[in-house]
Amino acid sequence: MGLYHTEDQAMLKDSVAPFLAENGSIKQLRSLRDSNDATGFARDLWSQFAEMGLNGILIPEAEGGLGLGHVEAGIVLEEIGRNLTQSPFLSTAVAAVEALRSASADIRGQWFPKIAGGEAVIGLALEEGKKHNPAATALKAERSGNGFKLTGAKTFVVHGHVADLLLVSARTAGAAGEEAGITLFAVPRDAAGLTAEADRLVDSSMSARITLDGVQVDADAVIGEVDAGWAPLTALLNAGRLGASAELVGVGTGAMDMTFDYLKQRKQFGKVIGEFQALQHRAAHLYGEMEGARSIVLKAQHMLDDGDPRGEMFVSAAKAKAAKSTNLAVREGVQMHGGMGMTDAYDIGLYMKRDRALNEVFGDLYFHADKLAKMNGY
Amino acid sequence: MTDLETFRKEARSWLEANCPPEMRQPVKADDDVCWGGRNWVFSSPAQKQWLDVMAAKGWTVPDWPVAYGGGGLSPEQTKALRQEMAKLNCRSPLNSFGIWMLGPALLKFGTEEQKLHYLPQIARGEIRWCQGYSEPGSGSDLVSLQTFGEDKGDHWVVNGQKIWTSYADKADWIFCLVRTNKEDKYQGISFLLFDMTTPGVTTKPILLISGASPFCETFFDNVAVPKHQIVGELNRGWDVAKYLLGHEREMISGMGGDGGMASLGSFYADVLADNPVLRAEMAMFEVENLAFRAHSERFMDEWKTGRAHPAYSNLMKYVGTELNKSRHELVMAAGGSDALEWESARTNGGARPRAWLRTKANSIEGGTSEVMLNVVSKRILEMPGA
């Protein structure tokens, strides 16, 4: 198959793009921020997503979803990025769903319909330090009764304070830093001993610090196998990283288009500033960088959808490239807007803030370039 | 199994049966790559055999029509064939400006007679072509070219000078931009073909910083060119040239990953282990390289199905050539003092520094990076101004 969107995929984009421009726009982001909204996203929009079937995009058809792939999820995420929409779509409908595929039939039967129906938000409780490092999991899970008792703390759990379910990585064997010995658990947020404290981040999203103080879960809360949580975690991370990459491409493209429009309108020295070659060359270079990011993201989406063994490597390349290109887009965006770029009234600064947060989610440029190097044996 | 899967399977078995083992080794020396032509000396019997079987199959130019010596394959089949060749490490049977540049121009602008005459010779590697575009005073501003063809009824008499003519000293024929009307800058250029053995044609190789001389100065002193050797209409050679420059840019952009998707850093693991900042630079390059490979694949898929912006090859040329330059900077850095050796059997005759210096031309030839950025900015981004 060619490396471009099929007709069906183009149709999905044509329906999602105007919908989000209307219902999940930057205006909504500003309104959530300015009213100091405690949830971190618009619940109405989350229900509308469900009505459109989008929340079940990756859930198998047999289990009530659309049974589509990463290309389609990426189309939705790119529009989320372009509109700076605050949504649990990435964590819940993309990353969590990929992990829950390995969960017991009971858990899938309980949560897939709620996800597809827009009745559940799922938080990803994976990080314990300032920088993404899933293997460094130290949060302890000890056998207790018919299940496990979880003790420790997690950070950077986006929407964690309002999530219905948390996916928690915990150590059941080995030492922090090892991939083996990690187990992935599905933990209800209202479980006894679990507390969540939310903070607003630079991009106005809400992220929680989670503390688990001897939280008791049953054995069937285990996703995949005990001590072998790295497999479902990898599925979660591949989907999450690539989804974040697609969202970044949306953020970068949105910022770029806004900036190019500005270059064609703003006049100085009696000319439209887009006539200056110093700016034209930077604009053309930026366009090339964003096109490269778009390409590697699409390639990695095809690979995950085809089950290509190089998928994980290309996901890292995609996240790194999308992070690098989008970061350039927002920096050039603010600079080329001049003083206007520094004002809150202009949207370009909001793109810069969103880029900063998305860069950090699931590993930044440096994490993924390093991972790519390691995967290539150096 | 779909038709494409069947084709892929058959192509693979055919390649396995017909590609000599020597032709599945990495290219090490210049003459490991066959350029064909009247004077080509095959570096091994296997090289000749590989060219012959591929040409007989039409697979030196898989997507050209069968009638012109091609394989008549669809874009999807051509892509599948290239992928299977890459998987088996098959060398290209034939590198040629005839395939990459003149061929596409003839397919679009040539007469049926010209197609039947020239294209099969290109497909079989019988005639090696060179390109006569740049002149000493006409580089980035190519359209200012002065080489003049005077109308003499049934032929033109061409006088003037070209420069940066790739392998002119080794080529059999030239496709050449010649001014046939001094009054009209753009619509006063014609696209002529002629034999390099025509009286009045001389070439002089230019010694480059790499120590090699792939480019020549080419002089025309009263060179007679019959009228039927024009491609496209009289004075409309600029249209052909622009179309062909698109193909040249496509070709040069393909150099961006001359190591393909393979990891460059993995070759230098020992050096990188002791040099963390270099390792980081290498890792960043690796990201860019994979992104570029995907970008090229997407561009080719879009181009072949009419989805790409007509000026998009300018972007690919810019990105690919800049990437290739950074690749060779890293090869030099990782190679350390070994990579400085200019003449030594141990380091393959200074292959690394020579290749590194050669790449500096990538972002100059076929349109400089700066001109590419101008074109992208104006034609794709539609920035204002002249």
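**Labels and their grounds**

Analyst: This is a predicted model. In it, chain B is split into domain 1 (3-95), domain 2 (129-235) and domain 3 (240-380).

User: How do you know which residues of domain 2 of chain B are in contact with domain 3 of chain B, and how many are there?

Analyst: Two residues are in contact if their C-beta atoms lie within 7 Å. By that test, 10 residues of domain 2 of chain B meet 8 residues of domain 3 of chain B. On the domain 2 side, 6 of these residues are nonpolar, 4 are polar and none is charged. The centres of domain 2 and domain 3 of chain B, taken over C-alpha atoms, lie 29 Å apart.

User: Why is Ala135(A) called partly exposed?

Analyst: A residue needs 20 or more other C-beta atoms within 10 Å to be buried, and 12 or fewer to be exposed. Ala135(A) has 15 C-beta neighbours inside 10 Å, so it counts as partly exposed. Ala135(A) sits in the loop between strand E1 (122-125) and strand E2 (140-144) of chain A. Leaving out residues up to four places away in sequence, Ala135(A) touches Gly177(A), Glu178(A) and Glu179(A).

User: What makes a set of residues a nonpolar core, and which residues have the most contacts inside the largest one?

Analyst: Its members must be buried and joined through C-beta atoms within 7 Å. The largest nonpolar core has 146 residues, and Leu150(A) and Phe185(A) have the most contacts inside it. Helix H7 (residues 230-265) of chain A gives the most to this core, 16 residues. Apart from this core lies another of 65 residues, including Tyr133(B) and Cys176(B).

Conventions:
Residues numbered from 1 in each chain as written. Chains lettered and ligands numbered in written order. Predicted model: local features only at pLDDT ≥ 70, side-chain atom pairs only at ≥ 80, totals over all residues. Domains from an automatic or database assignment. Nonpolar A, V, L, I, M, F, W, Y, C, P; charged D, E, K, R; others polar. Helix = DSSP H or I, 4+ residues; strand = E, 2+ residues; numbered from the N terminus.
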